[in-house]
Amino acid sequence: MDLLSYMTEEHLREWIERFRALGPLPGIFLTFLKSFVPPLPTAVIVGVNAAAYGLWLGFLYSWIGLVAGCMTTFLIVRAIASRPYFQRWSQRPKAQKSLLWARRNAFSFVFILSMMPVGPFAIVNTAAAIVRMPKLAFLLAIACGKAIMVLAVSYVGHDLGRFIERPYELLYVAAFLAFSFWASRRAEAYFTRDSE
């Protein structure tokens, strides 16, 4: 709990400044860590990266860290999912039903949940690994979903003072996220129709 109470905007900025000599590594490491410590505040970390490194570098470092962390947990779980315990669990009727749904909707499930600044990222990575989602499909879903989310949060975090003074400008960010969500649903419907 001490770690989580330390994860405030001021402490994170101070930490990044202290290790500034390491270049992008502190920013990448913080977002990478999110995949292994789920309660860490993603939006705060991404916003601080954008404020510390600038909009585009902050976006890039946050995106690299998040995608690398998700991919690492996915590959670890995928490697151990063939163990007897997971095999026995996956044979249960309720698990079978959930796994069947997850297999059919894996890409959209991962992509849409990756766009959210808060959410059960560890569960998403684990579920995708257990259903043996193809590695490239998982990477594409995570990379695209996280890019949308990180860009929106970085945009706000880069100039937070502006949004505090003019909160109505957050409507543009909300509109961008809504459009991305709508576009992803249209793409999912298109590909699902073609595959039936």
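Mentor: Let's start with a term: rings of Phe, Tyr and Trp (its six-membered ring) pair if their centres lie within 6.5 Å, and planes under 30 degrees apart count as stacked, over 60 as edge-to-face and the rest as tilted. This is a predicted model, where local features need pLDDT of at least 70, side-chain atom pairs count only at pLDDT 80 or more, and totals for chains, interfaces and linings use all residues. Residues are numbered from 1 along each chain as its sequence is written, and side-chain values use heavy atoms, with hydrogens and water left out.

Trainee: How many aromatic pairs does the structure hold?

Mentor: Each pair is described by the distance of the centres and the angle of the planes. One of the pairs is Phe32 with Phe36, at 5.3 Å centre to centre and 45 degrees between the planes, which is tilted. The number of aromatic pairs in the structure is 5.

Trainee: Is Phe74 buried or exposed?

Mentor: Buried means under 20% relative accessible area, exposed over 50%, and partly exposed in between (1.4 Å probe, protein chains only). Phe74 has 0% relative accessibility, so Phe74 counts as buried.

Trainee: Which residue forms a stacked aromatic pair with Phe74?

Mentor: The two ring centres are 4.0 Å apart, with 5 degrees between the planes. The partners sit 64 residues apart in the chain, Phe74 in helix 5 and the other in helix 9; helices (H or I, at least four residues) are DSSP runs, numbered from the N terminus. The partner of Phe74 is Phe138.

Definitions and conventions: Helix = DSSP H or I, 4+ residues; strand = E, 2+ residues; numbered from the N terminus.
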